[in-house]
Each structure stands twice: as C-alpha cells, then as structure tokens.
Amino acid sequence: MPYQLTVTSLKSALLHFAPVFDEWLTLLKQQEENNEEDQPFPPFPDVKPSLFKTAYAIVRSTVAVTVRRVMERILAFKFCSSRTMWKLMKDIPGSARKKAGMPLLEAAPRVSRAAKMTRTCARGYILIVVSDALVQQSLITYKAVGQARQLRKANQSTDIVWQKLARQSVHNLAKMVGILTAASLACGVVVLLRPRECPRIAYWGTLAALSVGDLLGDLAVGLCCDEWAFGEK
C-alpha cells in the first residue's frame with residue numbers, strides 16, 4: 001500500500017503539474033527571445049487547480065485499492081476457492097519472472113508461452129480493473145443524481161441526464177474491457193521477445209507492459225467513444 005500510494009502520488013503530480021510548469025517555461029522562453037531580459041519574470045501560474053486534481057487522483061486511487069481489497073475478502077470467504085483466489089491475486093511481474101526460468105515452459109512454443117502469460121495477466125489484473133471501474137461508475141452516478149435533483153427542483157425534464165449517464169456507463173464498461181485486453185496482450189507480447197534468457201527482463205518488461213497496455217486501452221476507447229459518451233447530445 002505505501003509503495004502504490006507513492007507511485008500514484010508521483011504519477012498524479014507529474015500529470016497535473018507538468019502542463020502548468022511547461023506553460024510558464026514557454027512564457028519565459030518567449031520573453032528571452034524578445035530580448036526582454038530586463039523585464040521581471042512572468043507571473044507564476046496558479047497551481048491550486050493542479051493541486052486539487054492531484055489530491056483527487058490520489059484519493060480516487062486509494063479508494064479503488066480499498067474496494068479491491070474488500071472484493072478480495074468477499075470473494076475469498078464467500079464465492080471462490082483458495083486456488084481461484086490465488087490466480088486472481090497473483091503477482092503478474094513475479095509470475096512472468098518465475099515462468100521465464102521454468103524448464104518446461106522453455107521447451108514450449110513461443111506462441112504457447114505468450115498465450116499462457118496473456119491468460120495469467122487477464123486473471124491477475126481483472127480485480128484491479130473492475131475496482132477502478134466501480135469507483136468511476138460511482139462518481140458518474142453520483143454526479144448524475146445531483147444534476148437530476150437540481151433539474152427536478154427547477155421543474156425541468158431529467159431525461160437528458162439519464163441518457164448521458166447510460167452513455168457514460170457504457171463508456172466505462174468499454175474502457176474496463178479495453179484496458180484489460182490491452183494489458184493482457186501487452187504482457188503476451190513481452191513473452192514473444194524471448195525474456196527467458198534473462199528473468200529480470202521478464203519482470204520489468206511485464207511491469208512496463210501493464211502500464212503501456214493500460215494507457216493504450218484507455219486511449220483507444222477514448223478516441224472511439226469519448227465524443228459519444230461525453231458530448232452534449
């Protein structure tokens with residue numbers, strides 16, 4: 001948990017503060033190009049919105065991790081066997097490093113090893129993706145209910161709000177499926193690069209594949225569905 005919180009904090013800070021500093025540095029560079037060196041530095045931009053967005057992302061990620069832990073406990077004690085939970089909670093990079101050094105898998109065809117790693121990633125990553133999707137669904141539902149309440153007080157129709165909620169829910173589901181598919185396929189591609197010669201490459205390559213697959217899946221769904229889901233129609 002502390003490691004995940006640290007990584008999330010750094011990633012959120014870089015994501016939201018980098019554009020602000022880049023804009024200020026651009027203004028400073030333009031000032032130097034215009035030979036205005038005797039002029040004072042351009043005013044530093046307001047970082048309060050970026051700070052709020054960073055804190056929001058950290059809290060959201062922490063809630064998603066908590067939801068995942070609760071789901072693991074519920075599934076472990078009520079619905080799933082110990083072997084199934086072991087597969088769902090498997091450390092994916094560690095599993096890739098372990099499989100890279102197994103003699104039986106070394107003798108198997110490369111495509112077969114890639115398929116096994118794709119399946120392992122899909123099972124081990126599904127709870128992470130589902131928990132994040134549940135948090136996102138809760139947020140958009142809460143926002144829609146608040147908007148519908150305001151429209152109802154103004155004696156206006158709430159049909160547009162519920163239609164928009166339905167589109168965003170479908171978008172959230174598609175995003176979950178896209179991220180899980182892209183991350184799993186990315187881990188399978190790492191196996192095709194012959195990581196068995198160095199198990200450490202398998203570990204770090206799979207870790208990078210999860211991040212790249214997460215980004216690609218989110219980007220692909222966004223390009224296809226963002227305008228439809230978040231448009232004003």
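Colleague: Before we start, what do you mean by partly exposed?

Modeller: Partly exposed sits between buried, under 20% relative accessible area, and exposed, over 50%. Bear in mind that this is a predicted model.

Colleague: Where does Cys 225 fall, then, buried or exposed or in between?

Modeller: Cys 225 has a relative accessible area of 21%, so it counts as partly exposed.

Colleague: And which cysteine sulfur is closest to the one in Cys 225?

Modeller: That of Cys 224, at 5.6 Å. A disulfide needs the sulfurs within 2.5 Å, so this pair is too far apart for a bond.

Colleague: What about Cys 121, buried or exposed?

Modeller: Cys 121 is buried, with a relative accessible area of 0%.

Colleague: How many disulfides in the whole structure?

Modeller: A search of the whole structure turns up zero.

Colleague: Switching topic. What does Cys 121 touch, beyond four places away in sequence?

Modeller: Ile 92, Ala 183, Ser 184, Cys 187 and Leu 210.

Colleague: How many residues are in the largest nonpolar core?

Modeller: There are 17. Those with the most contacts inside it include Cys 121, Cys 187, Met 117 and Tyr 125.

Colleague: Which helices supply at least two residues each?

Modeller: H4 (92-100), H6 (110-153), H7 (159-192) and H8 (199-230). H7 gives the most to this core, seven residues.

Colleague: What lies apart from that core?

Modeller: Another core, of five residues. Among them are Ile 140, Ala 144, Ala 148 and Leu 165.

Terms used: Residues numbered from 1 in each chain as written. Predicted model: local features only at pLDDT ≥ 70, side-chain atom pairs only at ≥ 80, totals over all residues. Heavy atoms only, no water. Core = buried A, V, L, I, M, F, W, Y, C linked by side-chain atoms within 4.5 Å. Buried < 20%, exposed > 50% of the residue type's maximum accessible area, 1.4 Å probe, protein only. Helix = DSSP H or I, 4+ residues; strand = E, 2+ residues; numbered from the N terminus. Contact = heavy atoms within 4.5 Å.
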